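Here are my notes for your first look through this structure. Keep the viewer open beside you and take the points one at a time.

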Amino acid sequence: MAEFRPAPALPGRSRGPSFRAALVVFDNRHYRLLWLSSLFSFTGMQMQMVARALLAWELTGSFGAVGLISLSFGLPMLLFSLVGGSLADRFEKRNLTLASQVATGTLALISALMLVTGTITIGWLFVLGLGGGTAMALGMPARMPLMVYLVGPQNLMAAMAMSNAAMNATRLFGPAVAGAMAAAWNLESVYFTQAALYAVACLALLGIPTGLGSAMPHPGAARQGMWREIGDGLRYVLSDPRLRTLNLMMFTVAFFVMPYVMLLAGFVQEDLGKGEREYGLLQSVSGVGALLASLVIASLTEFDRKALLQWASGIVGGAGLVALAAGSQAFGFGGALAATLVLGLALTAYQTINSTLTMEAARPEFYGRVMSINMLSFSVMPLMAWPLGQLADAIGARAMFTGQGIFVAAFLVLMALLQPRHIFGRSAAPATPEAPRPAPGPALGN
């Protein structure tokens, strides 16, 4: 049986910013395949987000309906993310990730065919959202632990930032291309393209060997029932002060800032008087900020004030949401573009650092379950889009954005007063866990 050994950290790396040092993760062939898979799947995901929001708006013309479709995607993530975390700690992580990609691509193909045949309705769009959210909930908790096994915990922040860079690079062209395709041809062309992109992503995943961290119980621990393991994961996170703080900070921002993305389609058309192309451009500009944030964060692998950087990013994100409301009112579409650039940069930095600190704080045998709890924030985002969409229908999107931004900034100031040691303290270098022994299969090589 070949023993898996995670990629070692670079010796003698300084604590200063070093983008070149972050590129070490691409020396690993299997990480490169995972990165390519992410690049294609993220492109499909970005195009689908635009197509889904535009389709919901065209079918109903209601902010609330757009939020309802977002809720359909978030509800199964809320219900099944913890199940996905337990599965990730039990079974083969590559295969779980692959199954999730296959299911998502299949749902995109079904959506395209329903558009072609004219059978799509807001009800069917809701059902397809339920399917997509379930696929992500059951598969995504395995991706980040798989990444740890590929590159090692010392290089996790660089690997995660580069993965986010791939995602955010797709935001530069994915939404714009989707908007242009919808305007020039139709929405079904966007869904067909998404299905093809997911097929390529699955082919890349097949190049990663099985047996990498397929299961890693605590030494001497007996395998328990799934619900018992989920309960153990929840108790572990709640009993650990650092994990508890990190999850609270992530959930609050996910509740009150990140759902703005789901409401942009209606905001652009209702408040700014623009169309599909401008909506895609707005998403792309947000992607520019997110890509810049990913590249900067990748260079800070050894930076020991990550918690402070996350906190500052959250403050900027709250201010950016206020600027989206005020800037668009004062300067029109140009003001909205500037604000979304800031929001993309700040929120990506916040999320990447939070996930990195969470994985650094977690014990390896709990990786999947801890990540699934952290991932619940992704379900909160679309779930909150529905009530926030109803609120936007009642008071206007600008007033809602302003209130959200002020609330989050105030919350983060309160966290700095209550948890100064966490926010302003220095973080230790991540410890290297004992290398797990995978199921029989090829050993990892660079």
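1. Let us begin with a word about sorting side chains. In this note Ala, Val, Leu, Ile, Met, Phe, Trp, Tyr, Cys and Pro count as nonpolar, Asp, Glu, Lys and Arg count as charged, and the others, Gly among them, count as polar. With that sorting, the lining of the second largest cavity divides into eight nonpolar residues, two polar ones and one charged one. Please remember throughout that you are looking at a predicted model.

2. Where is this cavity lined, and by which residues? Its lining is made up of M49, R52, A53, A56, V66, I69, S70, V261, M262, Y279 and Q283. Two or more lining residues come from each of the elements α2 (29–60), α3 (63–90) and α12 (276–298). The biggest share belongs to α2, which gives four residues to the lining of the second largest cavity. The volume of this second largest cavity is about 100 Å³, and the structure holds five cavities of 30 Å³ or more.

3. Now step back to the whole chain. You can count 17 helices and zero strands. Of the 446 residues in the chain, 59% are buried. Take the contacts between residues at least 6 apart in sequence: 87% of them join residues at least 24 apart.

4. What caps its N-terminal end? E92 does, with a side-chain oxygen 3.0 Å from the backbone nitrogen of R94. Just after α4 comes G118, which takes a positive phi of about 75 degrees.

5. Helix α5 (residues 122–139) has 18 residues, and its reach from first C-alpha to last is 26 Å, close to the expected 26 Å. Helix α9 (residues 226–239) has 14 residues, so at 1.5 Å a residue a span of 20 Å should result; the end C-alpha atoms are 20 Å apart, which agrees.

6. Both of these helices have buried residues for you to find. In α5 they are L125, L128, G129, G132, G133, A135, M136, A137 and G139. In α9 they are E229, I230, G231, D232, G233, Y236 and V237.

7. Next, visit Q310, in helix α13 (residues 306–331). Is Q310 buried or exposed? Its relative accessible area is 0%, and the cut-off for buried is under 20%, so Q310 is buried. Setting aside neighbours within four places in sequence, Q310 is in contact with L246, M249, Y350, I353, N354 and L357.

8. Leaving out neighbours within four places in sequence, L357 is in contact with R242, L246, K306, A307 and Q310. L357 and L156 are 201 residues apart in sequence, yet 9.8 Å separates their C-alpha atoms.

9. K306, one of the contacts of L357, is found in helix α13. K306 is buried, with a relative accessible area of 4%.

10. A319 has 46% relative accessibility; buried means under 20% and exposed means over 50%, so A319 counts as partly exposed. From A319 to A339 is 20 residues in sequence and 9.0 Å in space, C-alpha to C-alpha.

11. To finish, look at S355, in helix α14 (residues 333–361). S355 is buried, with a relative accessible area of 5%. Not counting residues up to four places away in sequence, S355 touches M144, M160, M371 and N374. One of these, M160, is 195 residues from S355 along the chain, and their C-alpha atoms are separated by 8.6 Å.

Technical notes: Residues numbered from 1 in each chain as written. Predicted model: local features only at pLDDT ≥ 70, side-chain atom pairs only at ≥ 80, totals over all residues. Heavy atoms only, no water. Polar contact = N/O pair within 3.5 Å; in protein donor to acceptor, adjacent residues only side chain to side chain. 1 Å grid on protein atoms, 1.4 Å probe; cavity = no way out; pocket = protein on both sides within 12 Å on 5 of 7 lines; lining within 4 Å. Points joined across faces, edges and corners; volume = space filled by probe spheres on them. Expected span 1.5 Å × (residues − 1). Buried < 20%, exposed > 50% of the residue type's maximum accessible area, 1.4 Å probe, protein only. Contact = heavy atoms within 4.5 Å.
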